[in-house]
Amino acid sequence: MPFVATEDVSTTARRKLSPRRRLQVWESTGGVCVLCTRRIDGVRERWIAEHIRALELGGVDDLSNIGPAHEACAVTKTREDHRRAAHAKRQKIQHIGAEASKRPLPFGKGSRWKRTLSGKIVPRE
């Protein structure tokens, strides 16, 4: 029995972004990029609806967590979010002890070979 109650912290499901919801995202900040705080020219510049806190890092798929961002700003942020999420997953695996040993014991259960009581080395069946 674990000392701490474990719960799965999974990613939030992403809902489809309708044109109406995309307009609400734009109007929530008045066309200002949530990442670099510069004005977005909606006609000449490409922009996307970016989650301020990434879904894979525990963010919610709600209008309070979504804002418009320049495409270039969003690419940089997404790359950083993926890096942070991968690091968090590695920490979780290490914390719960689920990672495979980097130095397995010789003739252990993970080995192809086993040593009998007489000392003879035979293939594991």
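Q: Which residues on the other side of α1 are exposed?

A: Exposed means over 50% relative accessible area, buried under 20% and partly exposed in between, with a 1.4 Å probe and protein chains only. On that side of α1, Pro19, Arg20 and Glu27 are exposed. This is a predicted model, where local features need pLDDT of at least 70, side-chain atom pairs count only at pLDDT 80 or more, and totals for chains, interfaces and linings use all residues. Residues are numbered from 1 along each chain as its sequence is written, and side-chain values use heavy atoms, without hydrogens and water.

Q: Which residues of helix α1 are buried?

A: Helices (H or I, at least four residues) and strands (E, at least two) are DSSP runs, numbered from the N terminus. Helix α1 spans residues 19–29, and its Arg21, Val25 and Trp26 are buried. These residues lie on the same side of α1 because they cover an arc of only 145 degrees around the axis, taken from the directions from the helix axis to the C-beta atoms.

Q: How many aromatic pairs are there?

A: Rings of Phe, Tyr and Trp (its six-membered ring) pair if their centres lie within 6.5 Å; planes under 30 degrees apart count as stacked, over 60 as edge-to-face and the rest as tilted. The count is one aromatic pair. Trp26 and Trp47 form this tilted pair, 5.0 Å centre to centre with 45 degrees between the planes. Trp26 belongs to helix α1 and Trp47 to strand β1, 21 residues apart. Both are buried.

Q: Is Glu50 buried or exposed?

A: Glu50, in strand β1 (residues 47–51), counts as buried because its relative accessibility is 8%.
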